[in-house]
There are 2 protein chains.
Amino acid sequence: MTKPTIKAFIFDVYGTLFDVHSVQDTCNKHFPDKGEAISQSWRKKQLDYFFLRQVMGTYEDFVTVTRESLRYALMENGAQWTTEAENELIDAYTHLTHYSEVEGVLQELKDKELVILSNGTQHMLDSLIENAGLAHHFDSVLSVDDVKQFKPAPAAYTHALKELDVKREEVLFMSSNGWDISGAKNFGFHTAWINRGHAPTEQLGLEPDAEYDDLTGILEWK
Amino acid sequence: MTKPTIKAFIFDVYGTLFDVHSVQDTCNKHFPDKGEAISQSWRKKQLDYFFLRQVMGTYEDFVTVTRESLRYALMENGAQWTTEAENELIDAYTHLTHYSEVEGVLQELKDKELVILSNGTQHMLDSLIENAGLAHHFDSVLSVDDVKQFKPAPAAYTHALKELDVKREEVLFMSSNGWDISGAKNFGFHTAWINRGHAPTEQLGLEPDAEYDDLTGILEWK
């Protein structure tokens, strides 16, 4: 198909640019042999809590949700922990590893408007991107915390539209998270699902416009 | 503590009165050795889809969500299936097994107002309760489908309050689902968490008023 004109490339962060499971090393340091299980439980619960808080109308920011979901994950895995360990694990979220193709893809798109839209707080996002040396690639780093609405709520995507001088159909939205792609598609963005884990397509009647194994695929939208 | 006066006992259904994983036999019939994995994926995805549809504002009823989540679960587990098998699995949701203590507890509470409030459709709920021979125990069977809002959205619990002649603090709400207890507590019901799986308490700042291994514990609220 002929690709529509894209004026803004909007990227999700956690799972899309950065590997959330790179916290596993820090988990293993404090809880030997439980790192993988804790990391998996943690991410699953973190997503649950975004959705549940959004449904209940009890928004708390990314740092709170990430801390609460970590505590649940630690209990679920029978771990005993100190405040120091907890803080170190939260801090690990600002030192995640980015996927190997990310820098090259961003460099190729350097003449385009490149934007981040994430459930993270502004501070968490700025720290993470700065620590990874990626900050100079982006024109805007947008946090849903400005509107206190988590993706995939339509209001979260509206936030990006209000901040950028584009129409929703001029946006290509990238995420590795199926639920985020569903939300962005539901909102009216063009969507590219970076299906790193080769998961089935979400059965929500909202197919992505494109699906790629990693971010290099999006270069055909240049 | 002295228990407050409870005028209505409101029960969740799936996981609380009935074992959702009793579909496993039907799963195993069509997909030998994959029954447990499919059943687990199915339930997890069903809950995700309730929450995601609620967050995105794209409500579809329980039957649709249950079918869509089943399809995802089958794909996730590498299963090939026929429409016939799919329909049989959906039908299994109206023939779930109820937990062994349910009838005795309902009988003990026969002088109380006993109510069901579920994300199921009216038809699914009526069929399930009728098939299990439990219909005569309940004064009302309420479906969130009447208001097109899934629990744990406050609007879903409001529906029960509007249908019953009680105040929210005169309600004891029972669920085995931690997220449902969080939602009911957030709404202002008294809550009894039937923690059948000995899971950690949800870390959402909404502790249940009571926690029991099964439903017999609620008799102390009589």
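**Notebook: two chains and how they meet**

**Entry 1: symmetry.** I laid chain B on chain A and got an RMSD of 0.0 Å, with a turn of 180° and a shift of 0.0 Å along the axis. I then checked the contact surface, and the same one serves both copies: 100% of the contact residues of chain B recur in chain A.

**Entry 2: ground rules.** This is a predicted model, so I keep in mind that local features need pLDDT of at least 70 and side-chain atom pairs count only at pLDDT 80 or more, while totals for chains, interfaces and linings use all residues. Residues are numbered from 1 along each chain as its sequence is written, chains are lettered from A and ligands numbered from 1 in the order in which they are written, and side-chain values use heavy atoms, with hydrogens and water left out.

**Entry 3: the interface.** I looked up the contacts (heavy atoms within 4.5 Å) and found 31 residues of chain B against 31 residues of chain A. Together the two chains bury about 2,600 Å², and 71% of that is on carbon and sulfur atoms. Buried area here is the accessible area (1.4 Å probe) that two parts lose on being put together, summed over both. Which three residues supply more of chain B's buried area than any other three? They are B:V55, B:M56 and B:Q203, with 27% of the area that chain B buries against chain A.

Next I looked at polar links. There are 10 residue pairs in polar contact between the chains, both residues at pLDDT 80 or more. A polar contact is a pair of N or O atoms within 3.5 Å; within protein, one must be able to donate a hydrogen and the other to accept it, and residues adjacent in sequence count only if both atoms are side-chain atoms. On the chain B side, α2 (35-56), α3 (62-76) and α8 (178-187) each give two or more residues. α2(B) has the largest share, with 10 residues. Helices (H or I, at least four residues) and strands (E, at least two) are DSSP runs, numbered from the N terminus. By class, I get 16 nonpolar, seven polar and eight charged residues on that side of chain B. For the classes, Ala, Val, Leu, Ile, Met, Phe, Trp, Tyr, Cys and Pro count as nonpolar, Asp, Glu, Lys and Arg as charged, and the others, Gly among them, as polar.

I count two salt bridges between the chains, a salt bridge being a side-chain nitrogen of Lys or Arg within 4 Å of a carboxyl oxygen of Asp or Glu. One of them joins A:E202 to B:K45, with the closest N and O atoms 3.1 Å apart.

**Entry 4: B:R53.** This arginine sits in helix α2 of chain B. Is B:R53 buried or exposed? It is buried, at 5% relative accessible area; the cut-offs are under 20% for buried, over 50% for exposed and partly exposed in between (1.4 Å probe, protein chains only). A polar atom of the B:R53 side chain lies 3.5 Å from the backbone oxygen of A:L204. Leaving out residues up to four places away in sequence, B:R53 touches A:L204, B:T58, B:Y59, B:E60, B:V65 and B:E68.

**Entry 5: helix α8 of chain A.** I went through residues 178-187 and found the helix mostly covered, with eight of its 10 residues buried. Among them are A:W179, A:I181 and A:F187. The buried residues pack against α2, α7 (154-163), β6 (171-175) and β7 (190-194) of chain A, together with α2 of chain B. A:G188 follows the helix, with a positive phi near 115°.

**Entry 6: salt bridges within chain A.** The search of the whole structure gave 28 salt bridges over all chains. A:E88 and A:K29 meet at 2.4 Å, N to O. That pair links distant parts of the chain, helix α4 (residues 83-92) and helix α1 (residues 24-30), 59 residues apart. A:E88 is partly exposed at 27%, and A:K29 is exposed at 55%.

A:K185 pairs with A:D209 at 2.9 Å between the closest N and O atoms. A:K185 lies in helix α8 and A:D209 in the loop between β7 and β8 (210-212), so the pair ties together parts 24 residues apart in sequence. I also noted a network of salt bridges linking A:D12, A:K151 and A:D180.

Terms used. Copies are superposed by least squares on the C-alpha atoms of residues with pLDDT of at least 70 in both.
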